[in-house]
Amino acid sequence: MPLEPCTTSANSALEKPLGQSPDQSVSQPPTATPKTGADLPVLKERGQREVFCGLTGIVWLHRKMQDAFFLVVGSRTCAHLVQSAAGVMIFAEPRFGTAVLGERDLAGLADANEELERVVEELLMRRPDINTLFLVGSCPSEVIKLDLAKAAEKLNHRYFPETRVLNYSGSGIETTFTQGEDTCLASMVPVMPAKETETAELLVVGSLADVVEDQFQRLFSQIGIGPVAFFPPRRAAQLPQVGKGTKLLVAQPFLSETVRLLINRGAELLPSPYPFGVEGTTAWLRTAAKAWRIDEETFEAAIAPAVTRANMGLDRYRELLSGRKAFLFPDSQLEIPLARFLSRECGMDLIEVGTPYIDRMLMDEEIALLPEGTALSEGQDVEKQLDRCREARPDITVCGLGLANPLEAEGLSTKWSIELVFSPLHGYDQAGDLAELFVRSGERRRRLTV
Ligand code: SF4
């Protein structure tokens, strides 16, 4: 089991389309559920899907928590995915690597646990600065039933407190794209310190670019909300406290397990739309302001300069997007908030809004804002969905990398959903950038076809 910090080669018997598990290849007829809270029927599809697996989350998480290391226990395919998705990281000291399961491990000829311990020992000898080591499960480690929870427990006995070892799954059998962040954060919740008092504290949940976090921190203090902590923190060693009095304001809509675990530890969820666009950001901040009993006048005055700036940034793109048709394939789990932004703030027509799964607890506030009659779908039967997309000929299609190239070749303008997760797009100051991303893909196609 060699450690591969950076590799681009892929050659494994376990190679398979990313994020596609065996049971998902069985196509079943779609079924429509009864009316939702927002009166929108949901088309539920459980066929073959084309989405990334949860390993992808390492790409932004390793940038966020700079004292952590992500050790994927997987095949060369997994190493290749993380490496190629992370791209530029080969120029920096990597904070991720892959313990590659070789043929002997997979055939059960080698003791994979011993091999893993040896890889960890080598890694920590070389990198004693690693404060938190995540063992990240993959399809291959799952297939050979490698118990990473047990491995983490054993390694903790040996290396704690210098290094804490946690484990979570990024396997394509269990997770889609952004669910990797959810399983990662969920693995940290049990080791978060308990809150000592019951006074109100705001906990912003979901990985945000540092620059966005700083903007929100400034807005919270101008409004009069505090104290505020962010989870995940910039240093994994400095986990925020949780307990009675913790109020959760969720920044990313894909953190179902994490939020439930935080609630189990005594925190209270503040349900809200997500901070995408001017409307979403205002609603998100207002949710916290209400919990802190800030009067409306004070709130409006505190956000006014940022709202004016954001509207100016958005204005020049509204005209270019208004009346255009958007089709969103399920991938990142950001589709519903993005669709709300595209429709309500940019005037786009929504042909279909697909999302990998709908967690009512985290999504009802957003669904309620979608225009009446929006075609909402959950899960995927990719061929059928592609047919619907081709028939509608949208102006912009938001989808994963695997679908983008074929659709571009058919003359459709696409936007990679992965880019929408990597780029700092939350908050007022990024509202214009968010709209511009959609304008840019339409513009690129227009230039290509002129
Ligand atoms: S975890 Fe599974 S889906 Fe993801 S890269 Fe590895 S083999 Fe592929």
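## Loop, helix packing and ligand shell

Gly 373 sits in the loop that runs between helix α13 (360-367) and strand β14 (376-380). The model is predicted. With 10 other C-beta atoms within 10 Å, Gly 373 is exposed, because a count of 12 or fewer places a residue in that class. Along the chain, Gly 373 and Leu 350 are 23 residues apart, and their C-alpha atoms are separated by 9.4 Å.

| Helix pair | Angle between axes | Axes apart |
|---|---|---|
| α4 (residues 112-126) and α6 (residues 148-159) | about 40° | 11 Å |
| α10 (residues 277-291) and α11 (residues 296-321) | about 165° | 10 Å |

Helices α4 and α6 pack at an angle of about 40°. That angle makes α4 oblique to α6. The two helices cross in a right-handed sense. On the α4 side, the contact is made by Asn 113, Leu 116, Glu 117, Val 120 and Leu 124, and on the α6 side by Ala 151, Leu 155 and Tyr 159. Sorted by class, this contact of α4 with α6 has six nonpolar residues, one polar and one charged.

Why do α10 and α11 count as roughly antiparallel to each other? Their angle is about 165°, and angles over 145 degrees fall in the roughly antiparallel class, so α10 and α11 are assigned to it. The crossing of α10 with α11 is right-handed. From α10, Val 278, Thr 282, Leu 285, Arg 286 and Ala 289 take part in the contact. They meet Phe 299, Ile 303, Val 307, Ala 310, Asn 311 and Leu 314 of α11. The class count for the contact of α10 with α11 is eight nonpolar, two polar and one charged.

The remaining site is the ligand. Which residues come nearest to the ligand? Among the 15 residues around it, these are Cys 53, Cys 78, Ser 138, Cys 139 and Gly 172. Helix α2 (residues 76-86) supplies the largest share of the shell around the ligand, with three residues. By class, the shell has seven nonpolar and eight polar residues, and no charged residues.

How values were computed
Residues numbered from 1 in each chain as written. Predicted model: local features only at pLDDT ≥ 70, side-chain atom pairs only at ≥ 80, totals over all residues. Near = placed C-beta within 6 Å. Helix = DSSP H or I, 4+ residues; strand = E, 2+ residues; numbered from the N terminus. Nonpolar A, V, L, I, M, F, W, Y, C, P; charged D, E, K, R; others polar. Axes fitted to C-alpha atoms, helices over the stretch in contact; angles between N-to-C directions. Parallel < 35°, antiparallel > 145°, perpendicular 65-115°, else oblique. Left-handed = near helix turned anticlockwise from the far one by under 90°. Contact = placed C-beta atoms within 7 Å. Buried ≥ 20, exposed ≤ 12 C-beta atoms within 10 Å, placed from the backbone.
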